[in-house]
Amino acid sequence: MASKAETQNDMDTEKPNGESSEDRCPIEEVALVVPETDDPSLPVLTFRAWVLGLGSCVLLIFLNTFFTYRTQPLTISAILMQISVLPIGKFMAATLPRKEYSLLGWRFSLNPGPFNMKEHVIITIFANCGVSIGGGDAYSIGAITVMKAYYNQSVSFLCSLIIVLTTQILGYGWAGMLRRYLVDPVDMWWPANLAQVSLFRALHEKETKSKGFTRMQFFLIAMAASFAYYALPGYIFPILTFFSWVCWAWPHSITAQQIGSGYHGLGIGAFTLDWAGISAYHGSPLVTPFSSILNVGIGFIMFIYIIVPLCYWKFDTFDARKFPIFSNQLFTTTGHKYDTKKILTPQFDLNVNAYNSYGKLYLSPLFALSIGSGFARFTATLTHVALFHGRDILRQSRSAMKNVKEDIHAKLMRSYKPVPEWWFLILLVGSIVLSLLVSFVWKEDVQLPWWGMLFAFGLAWLVTLPIGVIQATTNQQPGYDIIAQFIIGYVLPGKPIANLLFKIYGRTSTIHALSFLSDLKLGHYMKIPPRCMYTAQLVGTVVAGTVNLAVAWWMLGSIENICDVESLHPDSPWTCPKYRVTFDASVIWGLIGPKRLFGPGGLYRNLVWLFLIGAVLPVPVWVLSKIFPEKKWIPLINIPVISYGFAGMPPATPTNIASWLITGTIFNYFVFRYHKRWWQKYNYVLSAALDAGTAFMAVLLFFALQNENRNLKWWGTAIDHCPLATCPTAPGIKVDGCPVF
């Protein structure tokens, strides 16, 4: 068993420290990338780690909260801080006094020695809290923003703080209870973590001289190139984000622009040369297994190139041709935007008489079909995990973990004290109690009764495990936002705020649980003591959640008409597109309710059959895998991931997904198959370098130019030269800027 860290060559494939080949991780990507040695004597939660970790967390949560309100939202990844803190950590190690201090019998030093990889990992864990809470979907703050900016509610800061913190800590409680299923097993390998593992090794390990660049040299070159290049799509030549040449070839054809627009159409022939556009919605394609990429690709081709065209041009499903083929807006029957203010009461409930007078709500065809895919994805996830992983889950539930095969990483982690499960249960119970308090004390503000809260907790507990299994093995996270809102919309119709709160307590706690579990697996790979991980994640969560709300509260109170597009200056950057989607969802599922849209007599009632179809589809795949066990490719057919090929559209565009698929196929099929040594050494390092270079330039462009309104105006700065792509094609529909058929 390894005791002292040994430097591994970049091409290290021999058995470390005499371990037998049976001890090695059976996942090839993990065996090629993750170090199989450990040094338990390395300090982890040092003074340097606390200062740099909390500093990184606060800075990232501030930037991500700030950027999320902008017309072009930006998520700053933890990789930016992961790189930035390295020279600072080494500087602190060179300058801080090495004297030992004593506090209440606890002896410590500000400088316990060289800045090491484990300190660097724990700092990144702090930073990840600033990304998962402030960046990405930011659901908790999204709910507060919608309540204050769109519904003009006077919700209190204390109520908002409890909502933000409890949704996150609730997720931490789920994560602690699910560690044995989603962190400890060898098969739960969390592919996205391998990019960070590669970067840590590139930054810290000394490599022997060999042919070609070292990983550090390659990283610096690739990051510099990414940094310089992003000035083009990020500022000088933004059309590179959506290169829609079909629209230029047929500038007067609505159909051609609907087909070829990368921003408002099906994106056929369009492509992006912008890494931010490629990785925007499904993450980096370089860290996603090819089997997952192939499944997503199958679903994407079926949906975009077959189902949507048939529904729009052949069958005119859901009166599709009255509306743009691709849009997340809400529409009236005449093809105009739906004004939700006309159907609201002063208590933020549905005015039924006003709704009946104003008319039904309609969705764009692709938006409606995307919602339907969410129905199928939810039930397919439950069925798939029950069939393919149910036996393992039951075995682990019966406390048979001692009989489960361990790899070298699990054996090395035995050197550290585990975190007792009751530590997590205390957090879980405490957050549940505080959440119920919100329902009693601020019941008029939140609209969600105590039993609705308990319902949300039960739903989160039901789905976190199966969704976690999918993400831990495929790097794709099937969402269930639609299902959560669908269910509570039936139970509490006409209550948009209740719908929002149910969504964040159900769905958001799951998102945070999966983020925490991913970090726990990173700590497992990097041999971080579990109790250090617990401390860093808990403190980082509380700090990030508090700063997240404080920044949002400041912006909502100090920027006039923030998120109100009609009242803002046309050049204002504070249009909040992410939160507009959240608001629209509260209207669809909460205010108007699924019964009117998907119930008997509803225009979209037939989409409900996709619940049953999704539940059945994994069954024949599982049966075939049992009949033909020698066919190893059959279990790789993953129905939830296939349905994920058309998830998130809109706001994700077909061009985003198609470019992601092509890039992932190049690296994780062709390069992995024919240049495996290059892939092992550089693939994940390249992914990290592209993320880091893009993030650094994006921040620089914003503060140096875009924040000062120094924007270029020329042909190349238009996002998409396809003005007719948003036009309806049904006879008699009149929309500004569009011809009437």
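## About the model

Because the structure is predicted, local features need pLDDT of at least 70 and side-chain atom pairs count only at pLDDT 80 or more, while totals for chains, interfaces and linings use all residues. Residues are numbered from 1 along each chain as its sequence is written, and side-chain values use heavy atoms, with hydrogens and water left out.

## Two domains and their interface

The domain assignment of the protein chain, whose bounds come from an automatic or database source, gives domain 1 (41-131) and domain 2 (221-287 + 653-740). Their C-alpha centres lie 33 Å apart, and 12 residues of domain 1 are in contact (heavy atoms within 4.5 Å) with 12 residues of domain 2.

The size of an interface is often given as the accessible area lost when the parts come together. Here domain 1 and domain 2 bury about 950 Å² between them, with 83% of it on carbon and sulfur atoms; this buried area is what the two parts lose with a 1.4 Å probe, summed over both. On the side of domain 1 that touches domain 2, the elements giving two or more residues are the helices α2 (47-67) and α3, where a helix is a DSSP run of H or I with at least four residues, numbered from the N terminus. Of these, α3 gives the most, with 4 residues. The residues of this side divide into 8 nonpolar, 3 polar and 1 charged, and in this grouping Asp, Glu, Lys and Arg count as charged, Ala, Val, Leu, Ile, Met, Phe, Trp, Tyr, Cys and Pro as nonpolar, and the others, Gly among them, as polar.

The count of salt bridges (a side-chain nitrogen of Lys or Arg within 4 Å of a carboxyl oxygen of Asp or Glu) between domain 1 and domain 2 is 0.

## Residue I83

I83 is found in helix α3, which covers residues 78-95. I83 counts as buried because its relative accessibility is 14%, and buried means under 20% relative accessible area, with exposed over 50% and partly exposed in between (1.4 Å probe, protein chains only). Leaving aside neighbours within four places in sequence, I83 is in contact with L199, F219, M223 and A692.

## Residue T653

T653 lies in the loop between α27 (639-643) and α28 (654-674), and T653 is buried, with a relative accessible area of 2%. Not counting residues up to four places away in sequence, T653 touches F242, G262, Y263 and F326. The side chain of T653 reaches the backbone oxygen of G262 at 3.4 Å.

Technical notes: Polar contact = N/O pair within 3.5 Å; in protein donor to acceptor, adjacent residues only side chain to side chain.
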